[in-house]
Amino acid sequence: MNKKISLGAAIFLMLIFMAATVSMTMIYSQRDFNRKVRDLKDRESRYSKIAEIDNYVQNRYIGTIVADDLTDATAAGFLAGIGDPYARYYDKTSYDRLLADYSGNSVQIGIVPQKDESGYIKVGEVYPDSPAQAAGIQPDDLIVKIDDTDISSENYSEAVAMLKGEPGTKMNIVVRRGVEENTLEMTRRFVETPSVNATMLENNIGLVKFTEFNDTTPDQFNKRVNKLMDEGAQALIFDVRGVSTGVLRSVAQVLDKLLPEGTIVSSTDKDGNTTVLETSDVTEIALPMSVMMNDKTSGEAELFAQAIKDYDKGKLVGTKTAGKGTAQTIIPLTDGSAIKLTTARYNPPVSPSYDGVGVKPDFEVKMSDEQLQYATDDPETDAQLKKAIDVVAAAIKQFNASQAESSESSEETSSK
């Protein structure tokens, strides 16, 4: 028999439910309020300590205080103390330089500097259409002096920074080649940094090497890959060994050309909110692929490798990557400076986050830094490249066999 409750009892139960809801809301609100009060008190305590230190410094320090230097150092120290290994403070000059680096155009003479064992600047590469190329500078040349500064191991970093500056400014450099030295007058100007190089290997296998992912990378990538395909490339090998954090949008645009329709990357913020950041359209390159990577492959370059694997577009060759799967946000400040903070964690298309664990290769092939340094796009000297070639060569055979079977099946159907 169904039991009925009176209207009064129903109202009473509803009031109890409402009271419980209000009570729970008040409890949670009180906890949130208490947490905010504690946070506020902690912040007041921190800032009062800084104010106390400032008071002693202002009243007792016998030296001269440069206000801007003190502010910059305080900002840098604050970020150094929050426990974020990727957090950083950029003063206005360094922030402007960072923006130029991300754009792929920096004011320089157009070389890749390397530290020679003697401490001099060794020219690792000369960029096309650069002041260095116009002056006849060649790879392996040594820059031993810039203006009045003799270069050594002690001032190497400062000397490299001297190669950059305002566009149109001049400097004199002493270049040593063998036993000969020449003094060259150089004018700094904007130089586009090549971030993608492409070579056609034997058996129509295209090798695409990245040095970084900046704003100019997608355009360079499209031109070089299109050229390889026009030349009859039957497979593509991508080299992201040693490539560290880059511009996410750049990586996504490169992947968009390679992947089918779907998510490329999402991110999860501190509150657990997940947002899709980049997607791919239906257009894709239908060629066998492989990606070479190592323990110095980091950040967005790891996403590149993992996305290729997640969509089953290719196999990964080399060693486990660095495991930096977090997103950093550059936040401009009102005075022209900026800060960088870790604000989210990247999520690859299918696999779990690689942050802290790295991306694992399908085929592990170890190479020392010295072996990699002397590898010259030759499978005889580059064991990882040799394996990548074997992987895509097998995929080419499988692809051709499936195409032949499909063609035979079509012919049989037509003849019936």
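Q: What makes the residues of H7 and H8 count as meeting?
A: Contact means heavy atoms within 4.5 Å. In this predicted model, Leu248, Val251, Val254, Leu255 and Leu258 in H7 meet Glu300, Leu303, Phe304, Ala307 and Ile308 in H8. By class, this contact has nine nonpolar, no polar and one charged residues.

Q: Why are H7 and H8 called roughly parallel?
A: Their axes cross at roughly 20 degrees and come within 10 Å. Axes are lines fitted to C-alpha atoms, for helices over the stretch in contact, and angles run from 0 to 180 degrees between N-to-C directions. Angles under 35 degrees count as roughly parallel, over 145 as roughly antiparallel, 65 to 115 as roughly perpendicular and the rest as oblique. H7 and H8 are therefore roughly parallel.

Q: Which hand does the crossing of H7 and H8 have?
A: Right-handed. That term applies if the near helix is turned clockwise from the far one by less than a right angle; anticlockwise is left-handed.

Q: Why are H6 and H7 called roughly parallel?
A: H6 (residues 217-230) and H7 (residues 248-258) pack at an angle of about 25 degrees, with axes 8 Å apart. H6 and H7 are therefore roughly parallel to each other. Their crossing is right-handed.

Q: Which residues make the contact of H6 with H7?
A: On the H6 side, Thr217, Pro218, Phe221, Asn222, Val225 and Asn226 take part. Their partners in H7 are Ser250, Gln253, Val254, Lys257 and Leu258. The contact divides into five nonpolar, five polar and one charged.

Q: Why does Asp147 count as partly exposed?
A: Buried means under 20% relative accessible area, exposed over 50%, partly exposed in between (1.4 Å probe, protein chains only). Asp147 has 35% relative accessibility, so Asp147 is partly exposed. Asp147 lies in the loop between strand S5 (142-146) and strand S6 (149-150). Its phi is near 55 degrees, a positive value in a residue other than glycine.

Q: Why is Asp377 called partly exposed?
A: Its relative accessible area is 29%, so Asp377 is partly exposed. Asp377 sits in the loop between helix H9 (369-373) and helix H10 (383-415). Phi of Asp377 is near 55 degrees, a positive value in a residue other than glycine.

Q: How are residues numbered, and which atoms and pLDDT values count?
A: Residues are numbered from 1 along each chain as its sequence is written, and side-chain values use heavy atoms, leaving out hydrogens and water. Local features need pLDDT of at least 70, side-chain atom pairs count only at pLDDT 80 or more, and totals for chains, interfaces and linings use all residues.

Note on methods:
Helices (H or I, at least four residues) and strands (E, at least two) are DSSP runs, numbered from the N terminus. Ala, Val, Leu, Ile, Met, Phe, Trp, Tyr, Cys and Pro count as nonpolar, Asp, Glu, Lys and Arg as charged, and the others, Gly among them, as polar.
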